[in-house]
Amino acid sequence: MKIALLGYGKMGKKIEELAKQAGHTIVYKKGSSLEEGSLNKADVAIEFSVPETAVANITRCFEEGIPVVSGTTGWLDHYKKINTICKNCNGSFIYASNFSVGVNLFFKLNEFAAKLLAPWDEYEVSMEEIHHIEKKDAPSGTAISLAEGIMEHSNKENWTLENPSEKEIEITAKRIKDVKGTHTIMYDSTIDCIRLTHEAHSRDGFAKGAILAASWLQDKKGIYTMQDVLGI
Ligand SMILES: NC(=O)C1=CN([C@@H]2O[C@H](COP(=O)(O)OP(=O)(O)OC[C@H]3O[C@@H](n4cnc5c(N)ncnc54)[C@H](O)[C@@H]3O)[C@@H](O)[C@H]2O)C=CC1
Ligand SMILES: O=C(O)C1=N[C@H](C(=O)O)C[C@H](O)C1
């Protein structure tokens, strides 16, 4: 598979390393001060950049007819607009707040727990996410996806980073050197606490999942999710 990399930071470099090991070729790379190769030679593009440039990067791929997998977080206010552009261009697109297989299974466990705990009012749900100190957005995209999963199955209507009301899920975002991504959902009562945690040991899971999604998407048209890729 011929891959274009839009964004060449920690994730772009990790994807390059693992894609080459798996026999794929990188035909285009774009970072903030780097542009190498030709986007139109790619079978598929993988976009992990910054919130400010994600929409322009993804749109460019649609306009050039290149299927695109995006993992950049923090730009989702523009998700509807991107969907419309994708449809108008007859494009191919997958966004996931987290491409690791483990987190996508964790999303399912989260929904199961939310459904199970919904009738038990004595448990109050909250969440903690911990990431490296360079991370630009808070809370993480994964934490937002987890909160959305809880909201679908409970009386919670929103999430917040501070002073939660009864209808809000409090998310605590911590930034600690070198942490790759740890998400914990807590159901706390006066008697006990139930915790569900996913901890990434490296960025390999995110990168492998993005390559898998790219390979799955390259011959399809339309808008999909990582759940479609994994069939879960
Ligand atoms: N969905 C997932 O599984 C995962 C998502 N992420 C998200 O991916 C994004 C990138 O993460 P990292 O690689 O750790 O960040 P990073 O800060 O190491 O890299 C971002 C890169 O984007 C580049 N960039 C800036 N302007 C650009 C432009 N106009 N076009 C192309 N590239 C540009 C920067 O130069 C930098 O190299 C973040 O939003 C992060 O939250 C990170 C890990 C997993
Ligand atoms: O910025 C990161 O590093 C990560 N970002 C994603 C997010 O915002 O959820 C996924 C992962 O947790 C790592």
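This report walks through a predicted model of a protein chain with its ligands.

## About the model

Residues are counted from 1 along each chain as its sequence is written, while chains are lettered from A and ligands numbered from 1 in the order in which they are written. Because this is a predicted model, local features need pLDDT of at least 70 and side-chain atom pairs count only at pLDDT 80 or more, whereas totals for chains, interfaces and linings use all residues.

The protein chain has a mean pLDDT of 97, and 100% of its residues reach 70 or more; pLDDT is the predictor's confidence in each residue, from 0 to 100. For the complex, the predictor gives an ipTM of 0.97 and a pTM of 0.97.

## The two ligand shells

Let's start with ligand 1. Its shell (residues whose C-beta atom, placed from the backbone, lies within 6 Å) holds 25 residues, and the closest are Gly9, Met11, Ser32, Thr53 and Gly71. Two or more residues each come from α1 (10–21), β2 (25–31) and α2 (51–63); helices (H or I, at least four residues) and strands (E, at least two) are DSSP runs, numbered from the N terminus. The largest share, three residues, belongs to α1.

Around ligand 2 sit Thr73, Ser97, Asn98, His131, Lys135, Ser140, Gly141, Thr142 and Gly181. This shell has no nonpolar residues, eight polar and one charged. Here Ala, Val, Leu, Ile, Met, Phe, Trp, Tyr, Cys and Pro count as nonpolar, Asp, Glu, Lys and Arg as charged, and the others, Gly among them, as polar. The shell around ligand 1 divides into eight nonpolar, 14 polar and three charged.

## Annotated positions

An unreviewed UniProt entry marks Glu35, Gly71, Thr72, Thr73, Ala96, Ser97, Asn98 and Phe99 as "binding site"; such annotations use the numbering given here, have shortened feature names and may be inferred rather than shown by experiment. These residues span 65 residues in sequence, and their farthest two C-alpha atoms are 25.8 Å apart, so they do not all gather at one spot.

Glu35, in strand β3 (residues 34–37), has 12 C-beta neighbours inside 10 Å and so counts as exposed. Ser97 is in the loop between β6 (92–95) and α4 (101–117), and counts as buried because it has 20 such neighbours inside 10 Å. The cut-offs are 20 or more other C-beta atoms within 10 Å for buried, 12 or fewer for exposed, and partly exposed in between, with C-beta atoms placed from the backbone.
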